[in-house]
Amino acid sequence: VEEVCDKLLTEAEPFDIVRAYDDEDEPKEVNEKRSICYLDVSKPIFSIGIKDMDISSDPRERTKKAYGIEILDEMLFSQSTKFYNDLYEENLIAQELSSGCEHTKYCSFNTISSESNDPERVYSLFVEYIENTKKQGLSREDFELAKRTVYASHSKSFDSVENIGDNFIYNLFDGCDIFDTSEAINSISFEYVTELLNNLFKEEYYAMSIVYPTEKEN
């Protein structure tokens, strides 16, 4: 791989990277609750974001938290959940409801995205669902299933050279080791995921981006 890169890539001139932000002044709350634009889409597209400012300086802890959030997302938003099925039965979302998180030493956020003719209704139901889940508590059975699902997905990623490359580079830039992931997933407990739910999912950390069809702008 190195030989191919040396043949194809030219050496760039060195330059200084100027950081245009001060993370010490970054508030925990979101800057804008709504971001709306109009593009050439057939149906409104939305993405609910959850901002997270609790980022560990320890790469292993960041890896653990990233997969803890992934397990939590699987418990809350997968196709087997009440939330997904309620939205789908009300024709509020398309067949797919995707979720994912980005948790590195530079930033951390979680997203839930899909298409919907009524994104604001989805947002209201999302807020209500999270609050009810926090009151009622998570299911240990759902946790064990979600944890196995995430572990299996991670293991399967090693079947793909592309996924290995992506994960290797991602972990390298974040100061982590790709082979620490299995241990991190195994170390995640039900109590840890419950703590993530209570600390991350608060309405002051939520924002939503919506892309409406161009004709709606008029």
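Student: Okay, what am I looking at overall? How many helices and strands are there?
Tutor: The predicted model has 8 helices and 5 strands. Going along the sequence, they come in the order α-β-β-α-α-β-β-α-α-α-α-α-β.

Student: And what box do the C-alpha atoms fill?
Tutor: Roughly 55 × 50 × 40 Å, taken along the principal axes.

Student: What share of the residues is buried?
Tutor: 35% of the 218 residues count as buried. The accessible surface is about 14000 Å², and carbon and sulfur atoms make up 49% of that.

Student: What about contacts along the chain: how many join residues at least 24 apart?
Tutor: If you take contacts between residues at least 6 apart in sequence, 80% of them join residues at least 24 apart.

Student: Let's go to α2. At what angle does α2 pack with α8?
Tutor: About 85°, with the axes 9 Å apart. Angles of 65 to 115 degrees count as roughly perpendicular, so α2 is roughly perpendicular to α8. For finding them, α2 is residues 59–77 and α8 is residues 190–200.

Student: Which residues of α2 and α8 meet?
Tutor: On the α2 side, Lys64, Lys65, Gly68, Ile69, Ile71, Leu72, Met75 and Leu76. On the α8 side, Tyr192, Val193, Leu196, Leu197 and Leu200. By class, that contact has 10 nonpolar, 1 polar and 2 charged residues.

Student: Which residues of α8 are buried, then?
Tutor: Phe190, Tyr192, Val193, Leu196, Leu197 and Leu200. They span an arc of only 165° around the axis, so they sit on the same side of α8.

Student: What do those buried α8 residues pack against?
Tutor: They pack against β2 (45–51), α2, α4 and α5 (140–156).

Student: You mentioned α4. How do α2 and α4 cross?
Tutor: At roughly 110°, with their axes coming within 12 Å. α4 is residues 119–136. α2 and α4 are therefore roughly perpendicular to each other as well.

Student: Who touches whom there?
Tutor: Met75, Leu76 and Phe77 from α2 meet Phe126, Tyr129, Ile130 and Thr133 from α4. That contact has 6 nonpolar residues, 1 polar and no charged ones. Met75 and Leu76 also turn up in the contact with α8.

Student: Switching to loops. Where is Ser78, and is Ser78 buried or exposed?
Tutor: Ser78 lies in the loop between α2 and α3. Its relative accessible area is 15%, and the cut-off for buried is under 20%, so Ser78 counts as buried. Leaving out residues up to four places away in sequence, Ser78 touches Asp73 and Tyr84.

Student: And Asn91, buried or exposed?
Tutor: Asn91 is exposed, with a relative accessible area of 60%. You'll find Asn91 in the loop between α3 (82–89) and β3 (98–103).

Student: What's phi of Asn91?
Tutor: Near 60°, which is a positive value in a residue other than glycine.

Student: Last one: where is Ile36?
Tutor: Ile36 is in strand β1, residues 34–39. At 43% relative accessibility, Ile36 counts as partly exposed.

Student: What is Ile36 in contact with?
Tutor: Setting aside neighbours within four places in sequence, Ile36 is in contact with Ile210 and Tyr212.

Student: And how is Met53 placed relative to Ile36?
Tutor: Met53 is 17 residues from Ile36 along the chain, and their C-alpha atoms are separated by 24 Å.

Definitions and conventions
Residues numbered from 1 in each chain as written. Predicted model: local features only at pLDDT ≥ 70, side-chain atom pairs only at ≥ 80, totals over all residues. Heavy atoms only, no water. Axes fitted to C-alpha atoms, helices over the stretch in contact; angles between N-to-C directions. Helix = DSSP H or I, 4+ residues; strand = E, 2+ residues; numbered from the N terminus. Parallel < 35°, antiparallel > 145°, perpendicular 65-115°, else oblique. Contact = heavy atoms within 4.5 Å. Nonpolar A, V, L, I, M, F, W, Y, C, P; charged D, E, K, R; others polar. Buried < 20%, exposed > 50% of the residue type's maximum accessible area, 1.4 Å probe, protein only. Arc of directions from axis to C-beta. Areas by Shrake-Rupley, 256 points an atom, 1.4 Å probe, with all protein chains shown as cover.
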